[in-house]
Amino acid sequence: MTSEGSKTSPQTSGNAQFSAENGSERAGAKGVRKRKKVRPLDETSLRDLALSYCARFATTGAKLEGYLARKLRERGVAEDGEGRVQTPDVPALVARLIELGYVDDGAYARSKTRDLTARGYGARRVEQALWAAGVDEHTREETAPNEAETRRAAILLAKKRGFGPFARHIDEDVSEQAAHKRRDKQVAAMLRAGHKFDHIAFILDAREEGGIDEWLIEAEEEAREEEGPNSW
């Protein structure tokens, strides 16, 4: 056992240095092995990528086209047996997948609309999300939430955030200035979530939850009348 202050022997020092160097070499070799060479893409491999993406994610034609274009930029284009480079036709591939039903902008828009309204987002946020996904204007209009759905989403957000009559506790001693400031913050939050101002004002100014329930039922009944007696 080496006493405190004693010098390390040359052999021990050499072994430690060798161990450290050997460990560094092993770590370096391990890092090299992890770097897998990426193969350039041809039409077949690009199609396989597209099919895999469609199987994993609900998507639109525009989103899929952007994904494939990015993969081509990252991995490059493969050469054929004669050394010629032929860039795959991405728009044609996407159009073919749409034709085969692997990509459906309408189905994506309906699903996204249901998801966002179920989370308390309003029609404007739905419109923004679909526009960003490349859904065309006609499809966005066809799949937009109706009046009953937008009211339901606004009520859901107010309940989740404790706004208006859904407040978890009411401080009756709050000053008028503080009450106005609180209401302004609630209005701003609901506007950011994409809700109409008249819907926001109705909910925040309601004195009790019963009036809001009747407001929603009114819109639901109108929606059923518009859909007809055979609608579900």
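## A glutamate on the surface

Glutamate 221 counts as partly exposed because its relative accessibility is 41%. Glutamate 221 sits in helix H11. Helices (H or I, at least four residues) and strands (E, at least two) are DSSP runs, numbered from the N terminus.

This is a predicted model: local features need pLDDT of at least 70, side-chain atom pairs count only at pLDDT 80 or more, and totals for chains, interfaces and linings use all residues. Residues are numbered from 1 along each chain as its sequence is written, and side-chain values use heavy atoms, with hydrogens and water left out.

## The negative patch

A surface patch of negative charge gathers Glu149, Glu221, Glu222, Glu225, Glu226 and Glu227. Helix H11, residues 209-227, gives the most to this patch, with 5 residues.

Patches are made of residues with over 30% relative accessible area and no salt bridge; like charges are joined within 9 Å, and nonpolar side chains (Val, Leu, Ile, Met, Phe, Trp, Tyr) within 5 Å. Lys and Arg count as positive and Asp and Glu as negative, while His and the chain ends are not counted. The place of a charge is NZ of Lys, CZ of Arg, CG of Asp or CD of Glu.

## The whole chain

The chain has 11 helices and 0 strands. Of its 232 residues, 30% count as buried. The chain exposes about 16400 Å², and carbon and sulfur atoms supply 49% of that area. Accessible areas come from the Shrake-Rupley method with a 1.4 Å probe; for residues, only the protein chains shown count as cover.

Now look at contacts, meaning heavy atoms within 4.5 Å. Take those between residues at least 6 apart in sequence: 66% join residues at least 24 apart.

## Salt bridges

How many salt bridges does the count come to? The count is 11. A salt bridge is a side-chain nitrogen of Lys or Arg within 4 Å of a carboxyl oxygen of Asp or Glu.

Aspartate 48 pairs with arginine 47 at 3.6 Å, N to O. Aspartate 115 pairs with arginine 119 at 3.1 Å, N to O. Glutamate 220 bridges to arginine 152, with the closest N and O atoms 2.9 Å apart. Glutamate 220 lies in helix H11 and arginine 152 in helix H8 (residues 147-161), so this pair ties together parts that are 68 residues apart in sequence. Glutamate 220 counts as partly exposed, at 21% relative accessibility. Arginine 152 is also partly exposed, at 39%. Elsewhere, salt bridges that share partners join Glu147, Arg151, Lys196 and Glu218 into one network.

## Two more residues

Is histidine 199 buried or exposed? Histidine 199 is buried, because its relative accessible area is 3%. Histidine 199 belongs to helix H10, residues 197-205. Leaving out residues up to four places away in sequence, histidine 199 touches Glu147, Thr150, Arg151 and Trp215.

Arginine 73 belongs to helix H3, residues 61-75. Arginine 73 counts as exposed, because its relative accessibility is 65%. Arginine 73 and proline 40 are 33 residues apart in sequence, and their C-alpha atoms are 9.7 Å apart in space.

Key: Buried means under 20% relative accessible area, exposed over 50%, partly exposed in between (1.4 Å probe, protein chains only).
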